Amino acid sequence: MIELVGLTKRYGEKVAVNDLTFTVRPGIVTGFLGPNGAGKSTTMRMILGLDHPTSGDVRIDGKHYDQVKDPLTYIGALLDAKATHGGRSAFNHLLCLAQSNGIPTSRVHEVLDTVGLTAVARKKAKGFSLGMGQRLGIAGALLGDPRILMFDEPVNGLDPEGIHWIRNLMKTLAAQGRTVFVSSHLMSEMALTADHLVVIGQGRLLADTTMADFIRQNSRAYVRIRTPQRERLLDVLHQAGITVVEAGGGALEVEGGKAEKIGELAAQHGIVLHELSPQQASLEEAFMQLTAESVEYHAHADTTPVQQAWGADWKGA
Ligand SMILES: Nc1ncnc2c1ncn2[C@@H]1O[C@H](COP(=O)(O)OP(=O)(O)OP(=O)(O)O)[C@@H](O)[C@H]1O
């Protein structure tokens with residue numbers, strides 16, 4: 001278990017992490033989400049004692065990182081996949097880590113096998129692709145067979161096969177009862193991997209909720225309608241007690257999965273429909289809305305008018 005209480009980090013005027021309080025529990029994958037610059041890496045570095053909090057506290061099973069004996073056997077982390085000595089082979093990189101932490105050489109072979117690098121174990125890490133580098137970093141995290149694992153953006157730059165592999169690995173590690181804490185800036189990725197979500201923006205906690213609750217609250221089903229007989233349809237739907245909202249671009253929207261009912265009413269009244277399509281709001285859209293005000297680095301605004309995404313008033317658990 002990882003417990004953060006009022007964790008805060010300032011760099012001069014910049015507040016990178018702002019009064020974060022949450023707990024990362026064992027047996028599940030906890031996704032740590034936030035836009036670029038939200039403070040995810042800084043938080044992870046403080047958990048590992050690589051950065052000192054300005055105020056607040058973070059403990060791993062009740063202890064500070066520097067009080068943990070043989071830390072590699074307690075908490076394993078992938079923070080930066082490029083943090084290897086490029087001139088060393090994958091095997092030697094892991095062997096150095098193992099020897100300095102009292103871990104047997106047999107374990108190096110095991111983790112190389114787990115991450116699928118056995119065939120290239122004697123090759124120098126500097127020749128590795130991004131995906132191979134990520135696998136080597138993950139092997140390092142697994143080396144001490146720790147009960148707590150932390151991965152900072154592990155799927156960055158990976159191909160679909162690599163992403164699929166990491167997703168399954170996280171779930172397997174959690175199913176073994178380990179604490180798995182993984183950061184990402186992609187909601188769609190977390191929706192497939194995480195059981196619990198912690199969302200931050202500009203260092204502040206925006207949501208701490210189960211994935212199931214997040215999906216329930218944000219996967220809104222609605223029906224999109226276009227008709228050349230707009231006023232007549234509005235009257236008919238109003239009489240049937242169905243609430244309609246403007247969706248922009250001449251379209252209408254009705255909350256819920258009422259497409260059949262709307263189609264039948266339109267047919268009964270001889271109203272022509274040009275579109276009657278059931279829709280599902282995307283979780284990515286809900287996440288972007290949740291973090292919209294805290295995004296630090298914006299691209300230039302799109303010139304296409306966009307309907308305000310649903311979830312604008314979502315405040316989280
Ligand atoms: N050593 C530092 N000195 C000054 N500012 C820093 C330092 N480290 C991080 N920051 C700032 O703190 C904020 C949080 O950075 P951090 O890297 O933790 O965010 P992140 O959520 O991991 O972002 P990303 O997804 O882009 O990696 C950013 O504004 C960053 O510029």
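Begin by selecting strand β7 (179-184), where six of the six residues are buried, so the strand is largely enclosed by the rest of the structure; buried here means that 20 or more other C-beta atoms, placed from the backbone, lie within 10 Å of the residue's own, whereas exposed means 12 or fewer, with partly exposed in between. Strands (E, at least two residues) and helices (H or I, at least four) are DSSP runs, numbered from the N terminus. The model is a predicted one, in which local features need pLDDT of at least 70 and side-chain atom pairs count only at pLDDT 80 or more, while totals for chains, interfaces and linings use all residues. Residues are numbered from 1 along each chain as its sequence is written.

Show the side chains of β7 next. In a regular strand, side chains alternate between the two faces of the sheet. Thr 179, Phe 181 and Ser 183 lie on one side of β7 and Val 180, Val 182 and Ser 184 on the other, and all of them are buried, which leaves both faces covered.

β3 runs parallel to β7 and is joined to it by five bridges, and here Val 29 has Val 180 of β7 as its bridge partner. β6 also pairs with β7 in the parallel sense, over five bridges, with Asp 152 standing opposite Ser 183.

Move on to helix α5 (residues 160-175), whose 16 residues reach 23 Å from the first C-alpha to the last, close to the 22 Å expected at 1.5 Å times one less than the number of residues. Select Ile 166, Leu 169, Met 170, Leu 173 and Ala 174, which are buried in α5. They cover an arc of only 130 degrees around the axis, taken from the directions from the helix axis to the C-beta atoms, and therefore sit on the same side of α5. Their cover includes β3 (29-33), β6 (148-152), β7 and α6 (187-193), contact being C-beta atoms, placed from the backbone, within 7 Å. Turned away from this buried side is a face with the exposed residues Pro 160, Glu 161, Asn 168, Thr 172 and Ala 175. After α5 comes Gly 177, whose phi is positive, near 95 degrees.

Finally, select the ligand and the 13 residues that surround it, of which Tyr 11, Ala 16, Asn 36, Ser 41 and Thr 42 are the closest; a residue is near the ligand if its C-beta atom, placed from the backbone, lies within 6 Å. β2 (14-24) and α1 (40-47) each supply at least two residues of this shell, and α1 gives the most, with three.

Methods:
Two residues are in contact if their C-beta atoms, placed from the backbone, lie within 7 Å. Two strands pair if DSSP finds at least two bridges between them.
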